[in-house]
Amino acid sequence: MRIDHTAAIVTGGASGLGAATAAALAKQGARVFALDLAAGIERAADVEGVTYIATDITDGAAVRAAVTTAAAGDAPLRTVVNCAGIGPSMRILGKKGVHDLDLYARVVQVNLIGTFNVLALAGEAIAQTEADEHGQRGVIVNTASVAAYEGQIGQAAYASSKGGIVGLTLPAARDLAQYGIRVCTIAPGIVETPMLATISEEFRAGLAAGVPFPRRLGRPDEYAQLALAIIEHDYLNGETIRMDGALRMAPR
């Protein structure tokens, strides 16, 4: 599917994976609408072709308004890349007691329900566009994690939310197939994003050493490269693709 002269939505588009993907799509000629919280947008870089919209992805009305804005121009809305997410950790039973239920619910609400909210509302808008010569209307790329398969100690909430995204991928692809919309998911390993900015270089080196090859952390631009490849590859659908250097996470 073509990227140029189309509109795209990227959630979490102010930093990390989302920012790299928004910039890559804009470079390919898409008009990109980057959805993120207002605080994140305040720190975001100005990128030609990228328009920021302050949006809480768990808010149905806010997402519908952002989708309406993205779909209102001359360029048809064809692409959605869901990168927004949070990753706090807590053990089910720890020194401070049992896992906080509100924290568990919040992680699932943002990572899984927020992703579904954007997928459904953007899918509705994409379904109303005119199909291309191959019957295609759009592509939705979600973001899971290798934690969906090998969640570590303290990742019960995060792994649950990302496992839900993996489980969502195939039924979403089947549901939206009649509208010419494909759905795929990327499951990154350890990628250098703002979530890792607070840890020491020594700890980062230890993380990199656990990756079979290439023995380093992933880069946001590599995620963006894979997202664009999925968008342009018309026969990829209903699949979750690991991007992890053959990493298989240990318990801790």
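Modeller: Contact means heavy atoms within 4.5 Å, and a helix is a DSSP run of H or I of at least four residues, numbered from the N terminus. This is a predicted model, in which local features need pLDDT of at least 70 and side-chain atom pairs count only at pLDDT 80 or more, while totals for chains, interfaces and linings use all residues. Residues are numbered from 1 along each chain as its sequence is written, and side-chain values use heavy atoms, with hydrogens and water left out.

Colleague: Which residues in helix 4 does helix 3 meet?

Modeller: Helix 3 covers residues 60-71, and its axis (a line fitted to C-alpha atoms over the stretch in contact) comes within 10 Å of the axis of helix 4, crossing at roughly 35°. Helix 3 contributes Gly60, Val63, Arg64, Val67 and Ala71. Their partners in helix 4 are Asn117, Val118, Leu121, Ala122, Glu124 and Ala125.

Colleague: Roughly parallel or roughly antiparallel: which is helix 4 to helix 6?

Modeller: Helix 4 (residues 101-127) packs against helix 6 (residues 156-176) at an angle of about 20°, the axes being 9 Å apart. Angles run from 0 to 180 degrees between N-to-C directions; under 35 degrees counts as roughly parallel, over 145 as roughly antiparallel, 65 to 115 as roughly perpendicular and the rest as oblique. The angle therefore makes helix 4, relative to helix 6, roughly parallel.

Colleague: How many residues of the contact of helix 4 with helix 6 are charged?

Modeller: Helix 4 passes helix 6 in a right-handed crossing. Of the contact residues, 13 are nonpolar (Ala, Val, Leu, Ile, Met, Phe, Trp, Tyr, Cys and Pro) and five are polar. With Asp, Glu, Lys and Arg as the charged class, the charged count is one.

Colleague: What is helix 1 to helix 8, oblique or roughly parallel?

Modeller: Helix 1 (residues 16-27) and helix 8 (residues 220-232) have axes 8 Å apart and pack at about 55°. Because of that angle, helix 1 is, to helix 8, oblique.

Colleague: Which residues of helix 8 make the contact with helix 1?

Modeller: The crossing of helix 1 past helix 8 is right-handed. On the helix 1 side are Gly16, Leu17, Ala20, Thr21, Ala24 and Leu25. On the helix 8 side are Pro220, Asp221, Tyr223, Ala224, Ala227, Leu228 and Ile231.

Colleague: Which residue just after helix 1 takes a positive phi?

Modeller: Within helix 1, Gly16, Leu17, Gly18, Thr21, Ala22, Ala24, Leu25 and Ala26 are buried, that is, under 20% relative accessible area (1.4 Å probe, protein chains only). Just after helix 1, the residue with a positive phi, about 100°, is Gly29.

Methods: Helix = DSSP H or I, 4+ residues; strand = E, 2+ residues; numbered from the N terminus. Left-handed = near helix turned anticlockwise from the far one by under 90°. Buried < 20%, exposed > 50% of the residue type's maximum accessible area, 1.4 Å probe, protein only.
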